[in-house]
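Let's take a walk through this model together. Have the sequence and the 3D view open as you read.

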Amino acid sequence: MKPQMILDYNSTKGGVDNLDKVTATYSCQRKTARWPLVIFYNIVDVSAYNAYVLWTEIHQQWNAGKLYRRRLFLEELGKALVTPMIQRRARPARSSAAAAVIEKVKMGSSSQSAVDPVDTGVKKRKRCQAADHGVALYYGEDYWPAE
């Protein structure tokens with residue numbers, strides 16, 4: 001016969017495992033060697049999930065037909081947390097893309113998301129379309145087999 005404490009743990013450990021699985025889907029955690037940051041990231045992940053659970057319980061019809069409701073909620077949560085700081089920002093942004101996002105937020109434009117990429121005229125690099133990167137190297141106009 002197992003002690004009651006073991007039975008209680010075994011009956012409720014599924015909730016912990018499920019929370020770990022759900023928070024790992026959309027996580028703010030980064031690789032770090034500093035243990036306080038690991039704890040902080042976990043607190044943020046669990047808090048964001050708890051906020052999502054409460055929000056969807058109160059507003060059950062919010063994006064009801066979509067399968068990625070949690071991602072949408074996290075995007076809105078991030079915007080709500082960042083927007084006041086962006087509006088109070090005193091120093092200009094370093095990159096043109098960041099400056100464009102800050103300008104959109106300060107103007108209060110709701111036509112485009114505050115965190116959506118903005119066309120700044122800089123061309124995005126394209127990925128290589130070569131089928132097998134280990135077979136050929138590109139030299140000018142010819143392909144030479146790798147040796």
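How are helix 2 and helix 3 oriented to each other: roughly parallel or roughly perpendicular? Before we get there, some ground rules: this is a predicted model, where local features need pLDDT of at least 70 and side-chain atom pairs count only at pLDDT 80 or more, while totals for chains, interfaces and linings use all residues. Residues are numbered from 1 along each chain as its sequence is written, and side-chain values use heavy atoms, with hydrogens and water left out.

Now the helices, which are DSSP runs (H or I, at least four residues) numbered from the N terminus. Two packed helices are described by the angle between their axes and the distance between the axes. Helix 2 covers residues 35-58 and helix 3 covers residues 69-87; they pack at about 110 degrees, with axes 10 Å apart. Here an axis is a line fitted to C-alpha atoms over the stretch in contact, and angles run from 0 to 180 degrees between N-to-C directions. So helix 2 and helix 3 are roughly perpendicular, a label for angles of 65 to 115 degrees.

Who does the touching? Helix 2 brings Ala48, Tyr49, Ala51, Tyr52, Trp55 and Thr56, and helix 3 brings Arg69, Arg70, Phe73, Leu74 and Leu77. Contact means heavy atoms within 4.5 Å.

Next, look at the rings. Phe, Tyr and Trp rings (the six-membered one for Trp) pair if their centres lie within 6.5 Å; planes under 30 degrees apart count as stacked, over 60 as edge-to-face and the rest as tilted. The structure holds 6 aromatic pairs. One of them joins tryptophan 55 and tryptophan 62, edge-to-face, at 6.2 Å centre to centre and 85 degrees between the planes. Tryptophan 55 also pairs with phenylalanine 73: the centres are 6.4 Å apart and the planes sit at 35 degrees, so this pair is tilted. That pair links distant parts of the chain, with tryptophan 55 in helix 2 and phenylalanine 73 in helix 3, 18 residues apart. Ring pairs link Tyr49, Tyr52, Trp55, Trp62 and Phe73 into a cluster.

How hidden are these residues? Buried means under 20% relative accessible area, exposed over 50%, and partly exposed in between (1.4 Å probe, protein chains only). Phenylalanine 73, at 8%, is buried, whereas tryptophan 55 is partly exposed at 32% and tryptophan 62 is partly exposed at 21%.

Finally, find leucine 72 in helix 3. Leucine 72 is buried at 16%. Leaving aside neighbours within four places in sequence, leucine 72 is in contact with Trp62, Asn63 and Lys66.

Technical notes
Helix = DSSP H or I, 4+ residues; strand = E, 2+ residues; numbered from the N terminus. Parallel < 35°, antiparallel > 145°, perpendicular 65-115°, else oblique.
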